[in-house]
Every structure is written in structure tokens, then in C-alpha cells.
Amino acid sequence: MAEEVKLLKTWSSPFGLRAFWILKLKGVQFDFIDEDLSNKSPLLLQSNPVYKKVPVLIHNGKPISESLVILEYVDETWKQNPLLPEDPYERARARFWAKFGDDKVLASIWNAFIKQGKEQEEAIGLAIETLKFLEEELKGKRFFGGEKIGLPDLALGWLANLIGVFEEVIGVKLIEKERFPLLSAWMQEFAEAPVIKESWPPHEKLVTKFRAIREPYVAAAAQPK
Amino acid sequence: MAKSDVKVLGAWPSPFVMRARIALKIKSVEYEYLEENLGSKSELLLKSNPVHKKIPVLIHNDKPVCESLIIVEYVDEAWSSSGPSIIPSDPYDRAVARFWAAYVDEKLFPALKSIGSGDGAEAKKAAIEQLIEGLVLLEDAFVKCSKGKPFFGGSQIGFLDIAFGCYLGWVRVTEKMNEVKLLDEVKTPGLFKWAERFCADAAVKDVMPETDKLAEFAKVLAKLRASGKWN
């Protein structure tokens, strides 16, 4: 039976990019559709009725949603170039850091991005505290996955390009080389890795998009209270 | 393997701690259970989970594993030759189980908490509606996953049973304290019967807190929250 693998994502979604990366890294043949989220396709609505979000992986007609779930599914289904180690303890650690990235890092960086004034200062402080855990975890490692890219690298990979975009829009450096030497080195190495380096969405287009997303927050903060 | 090689740091009211303990029971793993006083966290907890400082933590041969669902998968993998499998064997079934486990944590549990949070009648009504909508979705998932068998995992409890079932104590407390029916025999008949089977299961019944005890705890917690003494 011919394998049919389809990925629903958007041009800019970092979550969709994760799924794109793992399929490419595994050499899986797949088609992808960049959705317009203001006009979601019937396929998307039908494949992810619970959240109606991207990414969705459709494998031989069967849909899988939630990017971290997709990563583990792909890793288990296509066994070449494994993203998770064999050892149960190392697997637990990889999953822990992937989850930490989504639960804490993403949330703290987003707050630093959208908040204004004093609230932003506090949010930046909190983001830096959160990033310190990542810096610590990289000690003695090239990637979060060890010698090569693993699950937590794909989960945290959005940092490698989006941090630059956010920093440009808010005019504040979040990941300074002096404070985060290991994280900065990782971001660069990840960004330039084979497969990854060809996949980044255009920088200027991302800056325009996120500047527009930030606008209402800036405007709201400028309103007299 | 000596009992002290495996430790669980927990708190008896926590649904997340239950997950770890159910998994260990399924695999017949002996362990030392250490009840944490959450007003004053132990050195061992702070050292074992420096990132979140939360329970449950599983410590196996001095190596800590954190995050309840990650612990469940770890137990399944580390003791793979002992007892039945917890996670489904088919990758697609696994993906479905993980999807719904994430849904339960991200959508159902916050809705459940906000029913009892005292934010006013409107907010409470909205939270109840949201929770019931979620339970209806899970009813559908139950029918699909169980395929006529007693549990999400089939003939034995599995990953999704554990992920969702651990909340049943709090569901019952919320029903009792807010005089509302959440798991309804008519709206969610499959889940209604599944809940009884889950709570009676050998791997569950010794670690599921009694509803009355949990209700007492909930009242104390509500008072502490109201006075600002609990975050």
C-alpha cells in the first residue's frame, strides 16, 4: 500500500515547523498544506474537530493532532534516525525538557513580548529565570538531545529564529550571549543544521506579522486608565 | 530490587501523584512513599525537582523523574517485562491516548477547578457547561478507544484511564460541594460506568482518596485560598 502522509500547518507556525522538521529528518515523503487560519479548510476542521488548530498529521487517512504527540508518533512509526534515546530515564528527561519548553519557556517569552512598561520588565525577568534552566541543561552537551538533535531540540527549536524576531519587534535583547553562552551557541548550531536551515520562514515576513500581533497590546497599554 | 530503590514523593489529595502510584501498582513495583507537607517542602523534593518544586517525583536508584504523565511512561518502559503494558502498543492508539491525556490536563482540569473557585454564579455556570462539553467529547473517545471493552485501554486500565481517572475523586467532590451532576448516567453513560469500574480496580482503590476526606481538604484549601495563604 502506498503511504500517504499529509501535514497541515501554516507558513509561520513554530508548532507546524516541528512536525515538518521531524518528517524531513526522517526522510519521510509527505505533502504539506499551509492553511489560512482565517479561512480553515474543511480537511482541517474535520481532522482536528476538538481544537481546529495546526499542525495536524494525516497518515493514511488517520489524523494526529498536538505537535508533541505528532513528534512521538512519527518517531515510533518511522524508526530511522531516532529522536528519542533507548534508555527510559533519558527518554523521560527528553520529554521533560520538551514539556518545559511549551509550558514555561514559551509562556514566559510570550509575556515578555506582549506586556508593556513595568509589567514587561517583570515578564522579562521571569523569562530570563526560565531560560537559565535551559542554559544549565546544555552544560557538556552540544544539543539538548546530546551529540545529535533530539526531541527536546525540535520542541525548543522555535527559539532559534523567533527570539530574534521578538527581540527586533520589542527592541530588547532577551538572550544575551554573555549571559547565555551555551543557549546562544545552541541556537546558532540548530539554526544552521542540515534540513533545519532550509526550513525557516522569511525573517522580515515574521517581523511584520508579529509586530501586527503586538499592536493591540501596545495600543491598550497607551490608553489612559 | 529493594523497596528503597524506588521512592515516590507525593501528597495524598493530588490526582497527579495517584497517576504515578497506579502505574507502579500495575507493574507490581515496591516503593517507599513519602508524604510531602506542601506548606514546607522537603530538601529531597527541592533537590529532585529544582525546576518546578512540585510533586509527584519518582526517584529510581537516586535518579528523579518529574511530571506525572512522563512518570507513567517511564514506569511502563523501565519495568516493561513486569505486568501488562500501560501505553497502547499501536503508535496510532498511543497518539490518541496521549492526545486525550493532554486534553484532560489542559481543558478539563482547569474547568473543574474553576467550578469550585468562587468566581460568581455566571463564571461557575460557564465552567460547568465547559466541563460537561468536555466530558461528552471524552464519552465519544471512550467508545472509540474501548471498542466495547471495560476501559480506555481495553480489558485492563491503561494510560488514558490513569490520566483521566485520577481526577474522579475531585469530580465527585465538586459534584457534592456544588450540588451539580457532572458525570451523568444519561449524557455520558459509558463514562459513568467506567468511573465505577476504574475506582474499584485493584490498582486504583488503595490510592484513591475517600470523597469525604477529600471534601474536608477542599474546604480547608478554599479557606486558605480566600485568606491569601495558599497560591
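Predicted model: local features only at pLDDT ≥ 70, side-chain atom pairs only at ≥ 80, totals over all residues.
**Two chains and their interface**

Let me begin where the two chains meet: 24 residues of chain B are in contact with 24 residues of chain A.

On the side of chain B, three residues stand out, namely Val51(B), Tyr92(B) and Phe99(B), which supply 27% of the area that chain B buries against chain A, more than any other three residues.

What about charged and polar pairs? Across the interface of chain B and chain A there are 7 salt bridges, and I would point you to the side chains of Arg91(A) and Glu77(B), which meet in a salt bridge at 3.0 Å, N to O. The count of residue pairs in polar contact between chain B and chain A, with both residues at pLDDT 80 or more, is 9.

Which elements of chain B supply at least two residues each to the side that touches chain A? They are strand 4, residues 63–66, together with helix 3 and helix 4, the latter spanning 91–115. Helix 4 of chain B gives the largest share of that side, with 10 residues. Taken by residue type, the side of chain B that touches chain A divides into 15 nonpolar, 1 polar and 8 charged residues.

Now let me turn to the inside of chain B, where the axes of helix 1, residues 15–26, and helix 3, residues 68–78, come within 8 Å and cross at roughly 5°. Because angles under 35 degrees count as roughly parallel, helix 1 of chain B is described as roughly parallel to helix 3 of chain B. Helix 1 of chain B brings Phe16(B), Arg19(B), Ala20(B), Ala23(B) and Leu24(B) to this contact, while helix 3 of chain B brings Ser68(B), Leu69(B), Ile71(B), Val72(B) and Val75(B). The residues of that contact divide into 8 nonpolar, 1 polar and 1 charged.

Finally, some backbone details. Most residues other than glycine have a negative phi, and most peptide bonds are trans. In chain A, however, a cis peptide bond joins Val54(A) and Pro55(A), with omega about 0°, and Pro55(A) sits in the loop between helix 2 and strand 3 of chain A. In chain B, the peptide bond from Ile55(B) to Pro56(B) is cis, with omega near 0°, and Pro56(B) lies in the loop between helix 2 and strand 3 of chain B. Val195(A), in the loop between helix 8 and helix 9 of chain A, has a positive phi, near 75°.

Terms used:
Residues numbered from 1 in each chain as written. Chains lettered and ligands numbered in written order. Heavy atoms only, no water. Axes fitted to C-alpha atoms, helices over the stretch in contact; angles between N-to-C directions. Helix = DSSP H or I, 4+ residues; strand = E, 2+ residues; numbered from the N terminus. Parallel < 35°, antiparallel > 145°, perpendicular 65-115°, else oblique. Contact = heavy atoms within 4.5 Å. Nonpolar A, V, L, I, M, F, W, Y, C, P; charged D, E, K, R; others polar. Buried area = accessible area lost by both parts, 1.4 Å probe. Salt bridge = Lys/Arg side-chain N within 4 Å of Asp/Glu carboxyl O. Polar contact = N/O pair within 3.5 Å; in protein donor to acceptor, adjacent residues only side chain to side chain.
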